[in-house]
Structures are given as C-alpha cells and as structure tokens.
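Subject: Structure handover

Hello,

Here is the structure for you to look through. Please open it before you read my notes.

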Amino acid sequence: MAGTAIYTSCNLGRCRLVLKTHNGRSMQGKLASQCQMRRNFTVKAEVRFVTADDAKELVAVDGYNVLDVRDISQFERAHIKTCYHVPLFVENTDNDPGTLLLRTVHNNFSGLFFGIPFTRPNPDFVQSVKSQLQPETKLLIVCQEGLRSAAAANKLEEAGFQNVACLTSGLQTVKPGTFESVGNTELQNAGKAGLVQIQGKISAVLGTVLICAYLFITFFPDQAEKLFQLVPAG
C-alpha cells in the first residue's frame with residue numbers, strides 16, 4: 001500500500017508493532033518481549049529417519065557417528081564396528097517384591113522364548129551420551145527394531161543434539177555386508193535368541209525332511225509303497 005510503513009518500537013525490552021498509513025494515522029499492536037521473541041523463533045532440529053542404504057551413505061560420506069542403543073546382549077551378538085554403545089534400557093537387578101514378581105513372569109515368557117533381558121530405562125542415558133559426544137556431532141542412532149532408536153533420538157534432540165538420524169525399522173533390515181560388523185552373527189539376526197531361535201532350526205530340519213519324503217514318494221512310488229508295507233499295522 002502506497003504511503004504505508006510498518007516498523008517496531010521497543011522500550012525496556014517490550015516491543016510494539018506500528019502501522020503508519022498514508023494519512024498519518026498510527027496503529028499499534030503489542031508484541032512479545034525480545035526474550036520471548038528470541039525464544040519463539042528458536043529453530044528446532046528434526047530427526048531424520050533413513051533406510052539402511054541411506055544410513056550407510058551417512059556414515060561413509062557424511063561422517064555420521066553410529067550410536068547403538070540396544071541392550072548389552074544384542075550388542076554383543078553383533079554390532080557395527082567403531083560404533084558408540086549407550087543402552088537406552090539396562091538390566092533391572094532390583095530385588096523388591098514387585099520387581100521380583102515381574103522378573104519371574106518375564107523370564108518365563110519373553111525371556112525364555114525370545115532371550116530378552118528384564119530391563120528398566122537407563123537413568124544416565126543422556127548424560128552418558130553427552131560425556132562421549134558433543135551436541136553438534138552427527139549421530140546415526142540404531143537399535144534392532146527401530147523403536148528404541150526413535151525414543152533415544154527424541155531424548156537427545158530435547159537435550160540439544162542437532163544432527164540426529166535414525167535407522168528406520170532397525171538393524172533387522174540391514175543386509176549382510178552393508179556395514180562392517182563385529183560379533184558371532186549377522187546384524188539382522190542379533191535380536192534372535194531363546195527358544196525361538198532353536199525352534200526355527202528344528203522347523204528348518206523338519207521342513208527339509210518332509211520335502212525329501214515328498215520327492216521320494218513322487219519319483220519313486222514303487223519303493224515308497226514297499227517301505228510303507230514294512231511298517232507294522234497298528
């Protein structure tokens with residue numbers, strides 16, 4: 001609009017928005033204090049969620065540091081070489097009656113079948129990360145399924161870390177050879193333990209036996225019939 005000017009007038013840390021029109025009239029509106037304005041205009045960094053291939057590029061090309069937030073058991077089975085390790089959850093060794101009951105239930109179900117330890121949130125997580133890494137450090141946070149890494153990223157973002165990325169769906173999606181790893185298994189299998197792992201091997205053996213039996217009956221029906229005749233009647 002011709003002849004119209006907009007400016008701010010500040011006094012003792014308080015600011016007003018002044019609109020001066022072509023006819024000389026001034027209209028004023030209140031603005032927040034300068035401190036409030038600075039606080040409101042603070043830009044908050046956003047966490048990036050990336051695929052395994054993108055994560056590899058972040059580490060190899062962009063200089064991101066890998067932060068593994070899994071528990072110690074999964075970390076020891078397999079982890080990315082030269083990564084930092086600060087678990088988001090730690091083993092719960094409390095012995096109060098309520099914890100003992102929960103631990104017993106856990107160990108007889110999730111712990112037995114999936115090899116998952118009984119844990120609690122790590123109260124020193126953020127401080128432990130800060131003691132090893134600066135807030136401006138480029139971080140790629142990983143876990144096994146992607147849930148813990150997202151929670152960890154949120155905590156670190158609130159603590160002032162500005163360059164944070166998360167591996168979507170976790171290390172279970174990483175193909176062998178994507179990262180140089182350390183451990184006795186592949187990164188994608190580090191979450192498999194307990195009876196589920198044994199059951200998987202048994203199922204694989206039984207499946208192989210059934211396939212062989214089916215092929216034998218299909219291609220050698222006469223020999224198969226003779227074998228069935230040898231089986232005593234019930």
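This is a predicted model: local features need pLDDT of at least 70, side-chain atom pairs count only at pLDDT 80 or more; totals for chains, interfaces and linings use all residues.

Residues are numbered from 1 along each chain as its sequence is written, and side-chain values use heavy atoms, with hydrogens and water left out.

Start with strand 10, residues 138-142. Helices (H or I, at least four residues) and strands (E, at least two) are DSSP runs, numbered from the N terminus. Four of the five residues in strand 10 are buried (under 20% relative accessible area; exposed is over 50%, partly exposed in between; 1.4 Å probe, protein chains only).

Strand 10 pairs in parallel with strand 5 (residues 65-68) over four bridges. Pairing needs at least two DSSP bridges between two strands. Asn65 sits opposite Leu139. Four bridges also join strand 10 to strand 11 (residues 163-167), again parallel. There, Leu140 partners Ala165.

Now the salt bridges (a side-chain nitrogen of Lys or Arg within 4 Å of a carboxyl oxygen of Asp or Glu). The count is four. One of them links Arg70 and Asp68, with the closest N and O atoms 2.7 Å apart. Arg70 is buried at 0%, and Asp68 is buried at 1%.

Arg148 bridges to Asp71 at 3.5 Å, N to O. Arg148 lies in helix 7 and Asp71 in the loop between strand 5 and helix 3, so the pair ties together parts 77 residues apart in sequence. Arg148 also meets Glu145 at 3.3 Å, N to O. Shared partners join Asp71, Glu145 and Arg148 into one network.

Best wishes
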